[in-house]
Amino acid sequence: MDTIFALATVPGRSAIAVMRLSGPATGTVLAHLAGALPPPRRASRRTLRDTSAEPLDDALVLWLPGPASYTGEDSAELHLHGGTAVVEGVGAALVALGARPAEAGEFTRRAVLNGRMDLTAAEGVIDLIEAETAAQARQALRLAGGGLASLVQGWAERLTALLARQEALIEFEEEDLPGSLDAAIESGVTELAEQIAIRLVTDNGAERIRDGLDIAILGAPNAGKSSLLNALVGREAAIVSARAGTTRDIVESRLILAGLPAVLADTAGLREAGDEIEAEGVRRALHRGEAADIVLAVLVCEASPDPATLALMARRPCVVVANKADLGGPVPDGAIPVSAVTGQGLGLLRARLQAEAALLAPSTGAALLSRPRHRAALRDTLAQLGEAQAALLPELRADALREALRALGRLTGRVGAEDILDRIFAEFCIGK
Ligand SMILES: Nc1nc2c(c(=O)[nH]1)N(C=O)[C@@H](CNc1ccc(C(=O)N[C@@H](CCC(=O)O)C(=O)O)cc1)CN2
Ligand SMILES: Nc1nc2c(ncn2[C@@H]2O[C@H](COP(=O)(O)OP(=O)(O)OP(=O)(O)O)[C@@H](O)[C@H]2O)c(=O)[nH]1
Ligand SMILES: [Mg+2]
């Protein structure tokens, strides 16, 4: 196993730069660099020197011997003075001492390999680093802390026990095993399937919290869609003009709604287009609308909605505004009167969008299934539990239970065949 190092902080001009090391040679590398090994798990100030004893930095050094470290291997941290020259000098010395630069994610990959965390916790670590809102960070921290890992671990243990009973039933059919065994497996499988299914339903907003919401602004040309985008995000993101058909490309801008990140997409006005460029813009607008989590339909106070917007409003979750309220005129039923020019009604619109977002991504405080992979693995597990329930032969039922366990194992990257055998003999004390 190589000994790896990487800058753990952003490169460039900074107060401090943290260099991280991990792998079997960490102790010897650190002893060379710092003169001797400092006491473990304690911040020590040391002069770092290169292989010709030339001083590189006056640093704070942490020696973190495994297996308690983040990676589970001998590790160290060097808190250096920031800046490229010091960092590059220390990097060169580390290479000279036999370490190599780490690949992206390699520390966490090692943590998974060494059983310090499971795959879902590693995903949580990545999500935590990428989180842009408080809700995202909370969800990621729960995942990184093993929230899903321990849930799945519990399910896997129950499943392993059920499989162990099933295996024993097959192997010792001739012997006297309690007649209730089969019924116990049946009810156990049903209960487990119910709990997994419930989790799939209740965690229904986690992916949206992680990925953010897609909101598409749609409406007739000149309705003021681009003006509204600019007003909502507080900058001139899209071109506004009095001419109908100004916007052709989709203009995206980020917005945070009640802790949820959202992308607001301004689109071309919907109409029978004058030229092929505009026609392509309209096609893209409709496509974006069909895929959006929320459609922000922009009508104009005195005008009635165009048919394309009406059709989309019927299909997608929708917030309808009647723009140019400053000009007066009747407001269509159910629409919020707003003015992109005076700012009238924008607070109300924001509140409506937040309410809609909260509906789509309820932050229940316990959502963990934040990736399609999580859902897919649990759906596979459920399908196999269904097979087990339907199986007429004990062998087929055991096969299905084993497949269900594999699906959970794929989720965490953990469960192996060894576990199952251990459980069989531990639970039944058969003796040979
Ligand atoms: N400086 C620093 N800050 C950091 C990290 C880090 O690695 N270094 N982390 C990394 O992502 C996060 C915290 N996660 C951590 C995970 C494990 C250990 C750890 O195992 N430390 C000691 C054991 C401490 C103990 O006595 O319990 C060790 O390595 O021996 C430390 C931090 C965020 N902040
Ligand atoms: N009085 C008034 N004028 C507005 C309002 N919102 C937009 N306008 C004007 O309406 C015209 C069209 O605005 P845009 O934002 O470009 O309209 P759009 O819907 O993006 O138009 P296309 O991109 O062509 O589809 C511009 O002259 C704006 O200044 C409003 O609330 N009140
Ligand atoms: Mg526009």
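1. The shell around ligand 2 divides into 9 nonpolar, 11 polar and 3 charged residues, where Ala, Val, Leu, Ile, Met, Phe, Trp, Tyr, Cys and Pro count as nonpolar, Asp, Glu, Lys and Arg as charged, and the others, Gly among them, as polar. This is a predicted model, in which local features need pLDDT of at least 70 and side-chain atom pairs count only at pLDDT 80 or more, while totals for chains, interfaces and linings use all residues. Residues are numbered from 1 along each chain as its sequence is written, and chains are lettered from A and ligands numbered from 1 in the order in which they are written.

2. Of the 23 residues around ligand 2, those that come nearest are Gly-224, Ser-226, Ser-227, Thr-247 and Gly-269, a residue being near if its C-beta atom, placed from the backbone, lies within 6 Å of the molecule. Helix H9 (residues 225-233) supplies the largest share of this shell, 3 residues; helices are DSSP runs (H or I, at least four residues) and strands likewise (E, at least two), numbered from the N terminus.

3. Around ligand 1 stand Arg-41, Leu-64, Ala-68, Ser-69, Tyr-70, Ser-75 and Glu-77, and this shell divides into 3 nonpolar, 2 polar and 2 charged residues.

4. The domain assignment, whose bounds come from an automatic or database source, gives domain 1 (4-102), domain 2 (120-205 + 370-425) and domain 3 (213-360). The C-alpha centres of domain 2 and domain 3 lie 44 Å apart, and 6 residues of domain 2 are in contact with 5 residues of domain 3, contact meaning C-beta atoms, placed from the backbone, within 7 Å.

Notes
Two residues are in contact if their C-beta atoms, placed from the backbone, lie within 7 Å.
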